[in-house]
Amino acid sequence: MADWKYTPAPLEPPPSYETTASIPPKSPTTKIPLPRAPLPLDLPWIRSIRGRRIILASASPRRRQLLAQIGLSNLSVIPSTVPEAFSKTLSPFEYVLQTATQKAMTVYSSQIDSPDGEPALVIAADTVVVSPRGQILEKPRSEADHIAMLKGLRDSISHKVYTAVVVMAPLPSARDPGYALESTVEETTVRFGSDVSDELILSYVRTREGADKAGGYGIQGIGAILVDRIEGNFDNVVGLPLRPTLALIEKVLRDDEDLVDEFVEAAEEE
């Protein structure tokens, strides 16, 4: 008799007969096509600046991705290098608006005479997370600080997220001050789940996803597992409210009649 040899059982159970019978075998050369990306928004104001120099005054990849969703994908990313030194005694609304305005003005001033050409548009934004007691939360300083921050947000009834967006465009006319500037501040209320455990918070902290984010979490990523509900704009919590931003772009481009005529003529020539 031949020696019997032990064969270990497979690590995973075999597939169900019912499941496999309903699935036709795949050809080794079959390729599953990737889903087609949606076409960009076909709006006059988007078309008029497409192909021109648009600057995002932020290094945030999340803001860049959000702008790409409305068709602004060919961006120059030039973050402001000026320290954000405004006093935390300001109201969250004032703090975030002043910070975003400083970013936009600094980058606009540095690029207006750039050899790369005058920007057609500069977009800046700043987002803060605010505790129920009105404290503007920074990025966590350590793992212990991160855990305490998220526990505080869980144990509170809710917290606020504010994002200020500032959009600037040069004016072809000689109208002072030579540029158009429009801004908005959006507010969203976020509530963490009351059943979020200390163990879940520790596990999330150790993913390091929220280590570089004000408030210590990213709602667009794994951090969504902490959130029970929001009231307001989801994109605002991510870092750029899209619909208000699109409205600002249209408004800033309407701020000078010469600019409007130029864009209308360009749209008619297409």
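Me: How many nonpolar, polar and charged residues are in the lining of the largest pocket?
Reply: This is a predicted model, in which local features need pLDDT of at least 70 and side-chain atom pairs count only at pLDDT 80 or more, whereas totals for chains, interfaces and linings use all residues. Residues are numbered from 1 along each chain as its sequence is written, and side-chain values use heavy atoms, without hydrogens and water. Ala, Val, Leu, Ile, Met, Phe, Trp, Tyr, Cys and Pro count as nonpolar, Asp, Glu, Lys and Arg as charged, and the others, Gly among them, as polar. By these classes the lining of the largest pocket has 15 nonpolar, 7 polar and 9 charged residues.

Me: Which residues lie nearest the centre of the largest pocket?
Reply: On a 1 Å grid over the protein atoms alone, a pocket is an open set of points where a 1.4 Å probe fits, with protein on both sides within 12 Å along at least five of seven lines; lining residues have an atom within 4 Å of a point. Grid points are joined across faces, edges and corners, and the volume is the space filled by probe spheres set on the points; for the largest pocket this is about 760 Å³. Of its 31 lining residues, those nearest the centre are Arg63, Thr127, Lys139, Asp212 and Ala214.

Me: Which element gives the most to the lining of the largest pocket?
Reply: Helices (H or I, at least four residues) and strands (E, at least two) are DSSP runs, numbered from the N terminus. At least two lining residues come from each of α3 (61-69), α4, β3 (121-130), β4 (136-137) and α7 (234-238). With 4 residues, the element that gives the most is β3.

Me: Which element gives the most to the lining of the second largest pocket?
Reply: The second largest pocket holds about 300 Å³ of space. Its lining has 14 residues, and Ser131, Arg133, Gln135, Leu137 and Met149 lie nearest its centre. Two or more lining residues come from β4 and from α5 (143-155). The most, 5 residues, come from α5.

Me: Why is the pair of tyrosine 108 and tyrosine 179 edge-to-face?
Reply: Rings of Phe, Tyr and Trp (its six-membered ring) pair if their centres lie within 6.5 Å; planes under 30 degrees apart count as stacked, over 60 as edge-to-face and the rest as tilted. The chain has 2 aromatic pairs by this rule. The ring centres of tyrosine 108 and tyrosine 179 are 5.6 Å apart and their planes lie at 65°, so the pair is edge-to-face.

Me: How many residues apart are tyrosine 108 and tyrosine 179?
Reply: This pair links distant parts of the chain. Tyrosine 108 belongs to helix α4 (residues 92-111) and tyrosine 179 to strand β6 (residues 179-192), a separation of 71 residues.

Me: Is tyrosine 179 buried or partly exposed?
Reply: Buried means under 20% relative accessible area, exposed over 50%, and partly exposed in between (1.4 Å probe, protein chains only). Tyrosine 108, at 7%, counts as buried. Tyrosine 179 has a relative accessibility of 22%, so it counts as partly exposed.

Me: Where does tyrosine 217 lie?
Reply: Tyrosine 217 forms an edge-to-face aromatic pair with phenylalanine 192, at 5.0 Å centre to centre and 75° between the planes. Both phenylalanine 192 and tyrosine 217 are buried. Phenylalanine 192 is in strand β6, and 25 residues away tyrosine 217 lies in the loop between α6 (198-205) and β7 (227-231).

Me: Which residues does glutamine 102 touch, not counting residues up to four places away in sequence?
Reply: Glutamine 102 is placed in helix α4. Its relative accessibility is 19%, so it counts as buried. Contact means heavy atoms within 4.5 Å, and glutamine 102 touches Val82, Pro83, Glu84 and Phe86.

Me: How far apart in space are arginine 62 and leucine 240, C-alpha to C-alpha?
Reply: Arginine 62 is in helix α3 and, at 21% relative accessibility, counts as partly exposed. Leaving aside neighbours within four places in sequence, arginine 62 is in contact with Lys213, Gln220 and Val238. Arginine 62 and leucine 240 are 178 residues apart in sequence, yet their C-alpha distance is 8.2 Å.

Me: What is the phi of arginine 208?
Reply: Arginine 208 is placed in the loop between α6 and β7. With a relative accessible area of 58%, arginine 208 is exposed. Although arginine 208 is not a glycine, its phi is positive, at about 70°.
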